[in-house]
Amino acid sequence: MKIYTEIEIKASDKQVWNLLTDFASFPHWNLFIRQISGLLSEGAQLTVHFQPPGRDIMIFRPTVITVEPNRKLLWLWHFLIPGLFDVEHSFIIEPLASDVYDGH
């Protein structure tokens, strides 16, 4: 099963990346991820506090798979048996047009 969401943001890829990698800011814009800690480097393990509205907090510890500054962040979490139920969460930043938004 795959869940896919896409959003257009009027900002430079660097501005989006800076917000995306500012883990302390997640509770301000992400309704489900309440806290993230850990190093943002490939192979590192994060601690993610996930809380759907009206539910208890779940803590999972995914491994950072890809860090491509201003382009892509991907982490992977194995639930129970690796390969049976893996959760891959990726953020991909793609410019919409040939001209780049400069923040003005």
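Which residues does Phe-26 touch, not counting residues up to four places away in sequence? I looked this up and found Leu-20, Ile-33, Ile-36 and Phe-91, where contact means heavy atoms within 4.5 Å.

**Basis of the entries.** I note that this is a predicted model, in which local features need pLDDT of at least 70 and side-chain atom pairs count only at pLDDT 80 or more, while totals for chains, interfaces and linings use all residues. Residues are numbered from 1 along each chain as its sequence is written, and side-chain values use heavy atoms, with hydrogens and water left out.

**Overall layout.** I recorded 2 helices and 6 strands in the protein chain; helices (H or I, at least four residues) and strands (E, at least two) are DSSP runs, numbered from the N terminus. Along the sequence the pattern reads α-α-β-β-β-β-β-β. Of the 104 residues in the protein chain, 26% are buried, a term that means under 20% relative accessible area, with exposed over 50% and partly exposed in between (1.4 Å probe, protein chains only).

**Core.** I then turned to the largest nonpolar core, which has 16 residues. Such a core is a set of buried Ala, Val, Leu, Ile, Met, Phe, Trp, Tyr and Cys residues joined through side-chain atoms within 4.5 Å. Among those with the most contacts inside this core are Leu-20, Phe-26 and Trp-75. The elements that give two or more residues to the core are α1 (13-20), β1 (33-37), β4 (63-68) and β5 (72-78). I noted that α1 gives the most, with 3 residues.

**Aromatic rings.** I found 7 aromatic pairs in the structure. Rings of Phe, Tyr and Trp (its six-membered ring) pair if their centres lie within 6.5 Å; planes under 30 degrees apart count as stacked, over 60 as edge-to-face and the rest as tilted. The rings of Phe-23 and Phe-26 have centres 6.0 Å apart and planes at 70 degrees, so this pair is edge-to-face. Both Phe-23 and Phe-26 are buried. For Phe-26 and Phe-91, I read centres 6.3 Å apart and planes at 80 degrees, so this pair is edge-to-face. Because Phe-26 lies in helix α2 (residues 26-29) and Phe-91 in strand β6 (residues 86-92), the pair ties together parts that are 65 residues apart in sequence. I also listed one aromatic cluster, formed by Phe-23, Phe-26, Trp-29, Trp-75 and Phe-91.

**Hairpin.** Last, I examined β4 and β5, which pair in the antiparallel sense over 5 bridges; two strands pair if DSSP finds at least two bridges between them. The two strands form a hairpin with 3 residues between them. In the turn, Asn-70 has a positive phi of about 70 degrees. I noted Lys-72 in β5 as the bridge partner of Glu-68.
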